[in-house]
Amino acid sequence: MAKKGKLVVTSAPFLKEEVFINTAMRDVIIGLIPISLVSIYFYKAYAVMLIATCMVTAALTEVVFRKLMGKEHSLRDGSAVLTGLFVALLFQPTVSPVTAILATIIAIGVAKELVGGLGMNRFNPALFGRVAMILLAPLFAGIAVKAPNLGTIDAVSKASTLAMLGGGMEMPGYLEMFLAYPGGALSESSPLALLIGGIYLYKRGHINWRVPVSMLGTVAIMAFLLGQDPIYHLLSGGLMIGALFMATDWVTAPITSSGKLIFGVAIGILVVIIRVFLPPTEGVAFSILIMNAFVPVIDKATRHLAFLEPKEI
Amino acid sequence: MAVKSFKGGANVPHFKSFTDDKEIEKMPTPDRVVIPMHQSFGDPCEPLVKVGDRVEVGQKIGDSSEFFSAPIHSSVNGVVEEIEVLPYCTGEDAKSIIIRVEGEDQEFKPTIKRNPEDMTREEIIEAIHQAGIVGMGGASFPTHINVNTKEPVEYLVLNGAECEPFLTCDHRTMVERADELVAGARILSSVIGARKCLIGIEVNKPDAIEALEERTKDDDLFEIVPLAVKYPQGFKSIMIKSTTGKDVRRGARSAEVGCIVRNVGTTVAVYEAVVYGKPLIERVVTVSGPTIPKPGNFMIKIGTPVGHIFDHCGVTDFNDATVILGGPMTGRAQHSMKAPIIKNSTGALLLPSEIVRASEPHENCVRCGKCVARCPMRLYPNQLSMLAEVEDYEGLEAWNVMDCMECGICVYSCPSNRPILEFIRHAKPIIKKMELARRGN
């Protein structure tokens with residue numbers, strides 16, 4: 001009965017689904033490849049520089065902050081570079097590198113590591129960093145150097161479709177806007193590319209349909225009720241990346257199914273209110289962050305009964 | 001064919017193709033068997049034999065005067081070599097009778113043949129009791145207690161879900177022993193006064209569904225219920241919900257909701273006990289794993305050490321693999337090759353380290369929500385693991401930790417590889433103590 005090799009004794013369950021934080025983060029990065037490629041196609045070196053700057057800054061920030069807090073770096077989970085990529089995609093190609101770097105440092109350092117690291121953050125780090133730079137812009141006005149001139153590209157100076165929508169300008173056709181149309185932040189250049197990435201994440205089981213569907217549906221209905229063109233609303237600004245990649249963030253969205261629906265609907269309502277009644281800038285980012293704050297309340301209100309709980313009283 | 005299902009759960013890879021077409025074979029008798037005196041829910045048995053005694057196949061060698069217990073029998077002809085306290089597959093220690101096998105013929109020879117229709121209810125229950133029948137799907141609750149209901153129970157639910165990966169022993173039993181299974185179900189139905197016998201089978205076993213449809217189509221007592229292939233379909237309260245639609249309330253016994261659930265292997269054992277007086281001395285065990293040269297379904301005598309089984313199946317090298325008795329989601333990893341098969345051992349698995357879940361390292365919960373969506377008991381495993389981490393036992397109780405039936409789907413799903421179940425297993429006895437203390441006041 002003598003056999004070679006020793007036995008390993010652990011506890012049940014002995015099987016594990018091949019989904020880990022790093023594989024999930026890797027999949028989200030894969031999901032962002034189409035939109036990254038479209039923005040590089042439009043903005044060439046500007047997009048490449050911005051993405052590289054933010055990803056490198058994100059990694060460095062994580063290493064430094066964790067070191068200061070006496071923890072080992074967790075670069076292997078991929079969440080830092082992913083956040084860096086997200087931050088980059090939320091900026092216009094001509095943004096000052098200083099602004100982009102500060103936004104990334106705030107995203108990783110403040111919104112993630114200072115509050116306890118991945119899993120403990122209440123706000124979506126990338127959106128937090130992006131919005132912080134809007135609110136803090138006056139402080140940094142002096143040091144926000146202009147982006148280096150990386151060549152003359154028409155697309156770079158185009159107004160975003162959202163600004164065109166707000167300004168009552170003549171809009172491009174639906175199809176053109178859906179496929180790819182430059183202007184605004186990197187992530188605003190192609191709803192189709194974002195949709196491909198979102199479908200990939202859905203197929204891989206990382207995101208649930210409830211948040212994107214309720215959020216996009218609400219925006220369309222609200223826009224229609226307010227006499228606006230729902231399709232332009234769906235295709236412009238940060239709505240697509242917000243609905244598919246930001247509001248679906250595991251850590252900062254409600255955990256229950258009904259909570260996810262409420263969360264999506266509420267964000268949708270806020271987006272349209274901001275877009276229609278307020279200066280239409282970063283409405284999606286603000287809406288998601290506002291609702292991030294309500295997640296504990298939503299989770300509590302939508303807590304479901306246990307299987308063994310008496311169903312009738 | 002309407003396929004029934006339940007809320008939660010997940011598709012876990014089956015790994016059943018290693019053995020699902022392998023006919024049940026007899027495993028040769030080992031040189032020695034080790035028979036632990038604690039093989040059922042409840043109290044252990046005391047040995048009825050002493051060192052040096054000669055024992056026969058089917059002879060009762062352990063019994064208890066306590067209510068929650070079932071007698072234990074010798075699975076071989078031989079001589080009692082030793083009686084000592086040994087660790088066995090549950091991880092606990094039990095007095096164990098070690099029998100040296102003697103003689104070529106090790107088969108149980110029935111001396112009687114009874115017709116269950118001529119027997120009273122009491123005689124049948126006594127036959128089940130004397131044969132030491134316990135739930136063979138894992139719970140090992142003594143069957144004679146389970147079926148001795150005060151009031152008639154509406155449904156007999158036969159559990160043929162076999163939702164655990166790798167295991168095919170129930171599948172093969174349904175295909176190869178369908179007649180005995182149906183006869184056993186008739187006996188159990190008459191004992192509990194069931195109006196209906198529902199046989200729940202996951203649809204990945206079409207040959208089992210067909211075999212049982214074939215034998216029950218003219219009998220109104222039976223209904224085959226095809227079930228979605230989803231883990232943990234075969235857990236008792238889930239089974240009741242899927243097959244009958246009834247909710248099981250916290251603390252309610254299944255008889256109180258009008259259901260008795262029995263495993264298909266147990267049902268065949270009941271048939272043999274009642275008709276032939278055959279005690280539970282052997283069972284079908286799935287021996288499987290991706291690296292086993294000759295996997296299969298084997299009729300194995302209780303007390304056979306796993307080392308003997310893997311020898312027979314051609315295993316020569318363990319290579320840091322994990323040996324599991326039971327299924328890979330709820331079974332127990334074994335320390336020793338001497339660990340014996342007991343009455344509820346559904347499988348003897350050898351899993352290579354590549355597919356065994358690494359217990360380290362784990363991360364913070366990232367709130368992906370998979371455990372919440374998949375928990376069949378509709379709990380919040382993420383919350384439970386975090387409360388357990390900070391030892392907040394009141395919080396754990398408020399989040400219904402005691403409902404957890406430890407199916408393991410949360411741990412299987414967790415991207416942070418959190419040892420949710422270890423936390424819960426650690427907390428449960430502490431909360432039980434708190435409950436008892438409260439009741440004491």
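Into which domains is chain A divided? Chain A is divided into domain 1 (21-140) and domain 2 (155-298); domain bounds come from an automatic or database domain assignment. This is a predicted model, in which local features need pLDDT of at least 70 and side-chain atom pairs count only at pLDDT 80 or more, while totals for chains, interfaces and linings use all residues. Residues are numbered from 1 along each chain as its sequence is written, and chains are lettered from A and ligands numbered from 1 in the order in which they are written.

Taken over C-alpha atoms, the centres of domain 1 and domain 2 of chain A are separated by 20 Å. Where the two meet, 33 residues of domain 1 of chain A are in contact with 31 residues of domain 2 of chain A. Two residues are in contact if their C-beta atoms, placed from the backbone, lie within 7 Å. On the side of domain 1 of chain A that touches domain 2 of chain A, at least two residues each come from helix 1 (21-31), helix 2, helix 3, helix 4 (79-89) and helix 6 (125-135) of chain A. Helices (H or I, at least four residues) and strands (E, at least two) are DSSP runs, numbered from the N terminus. Helix 2 of chain A gives the most to this side of domain 1, with 6 residues. By class, this side of domain 1 of chain A has 23 nonpolar, 7 polar and 3 charged residues. Here Ala, Val, Leu, Ile, Met, Phe, Trp, Tyr, Cys and Pro count as nonpolar, Asp, Glu, Lys and Arg as charged, and the others, Gly among them, as polar.

Helix 2 also packs on a neighbour in the chain. Two packed helices are described by the angle between their axes and the distance between the axes. For helix 2 (residues 33-43) and helix 3 (residues 45-68) of chain A, the angle is about 135° and the axes are 6 Å apart. Axes are lines fitted to C-alpha atoms, for helices over the stretch in contact, and angles run from 0 to 180 degrees between N-to-C directions. The angle makes helix 2 of chain A oblique to helix 3 of chain A, because angles under 35 degrees count as roughly parallel, over 145 as roughly antiparallel, 65 to 115 as roughly perpendicular and the rest as oblique. Helix 2 of chain A makes the contact through A:Ser36, A:Ser39, A:Ile40 and A:Tyr43, and helix 3 of chain A through A:Tyr46, A:Ala47, A:Val48 and A:Ile51. These residues divide into 6 nonpolar, 2 polar and no charged.

Which residues of helix 13 of chain A are buried? They are A:Leu239, A:Met240, A:Ile241, A:Gly242, A:Ala243, A:Leu244, A:Phe245 and A:Met246. That is 8 of the 8 residues of helix 13 (residues 239-246) of chain A, so this helix is largely enclosed by the rest of the structure. A residue is buried if 20 or more other C-beta atoms lie within 10 Å of its own, exposed if 12 or fewer, and partly exposed in between, with C-beta atoms placed from the backbone. A:Phe178, in helix 9 (residues 174-179) of chain A, is partly exposed, with 17 other C-beta atoms within 10 Å.

The largest nonpolar core has 226 residues, and those that touch the most other members are A:Leu50, A:Leu85, A:Ala88, A:Leu89, B:Leu156, B:Val157 and B:Leu384. A nonpolar core is a set of buried Ala, Val, Leu, Ile, Met, Phe, Trp, Tyr and Cys residues joined through C-beta atoms within 7 Å. Helix 4 (residues 178-192) of chain B supplies the largest share of this core, 9 residues.

Between the chains, 54 residues of chain B are in contact with 36 residues of chain A. Helix 8 (306-312), strand 15 (322-325) and helix 12 (409-413) of chain B are the elements that give two or more residues to the side of chain B that touches chain A. The residues of that side divide into 24 nonpolar, 18 polar and 12 charged.

Chain B is itself divided into domain 1 (116-276) and domain 2 (370-440), and their C-alpha centres lie 30 Å apart. Their contact takes 5 residues from each of domain 1 and domain 2 of chain B.

Some backbone details remain. A cis peptide bond joins A:Ala12 and A:Pro13, with omega about -5°. B:Tyr231 and B:Pro232 are also joined by a cis bond, with omega near -5°.
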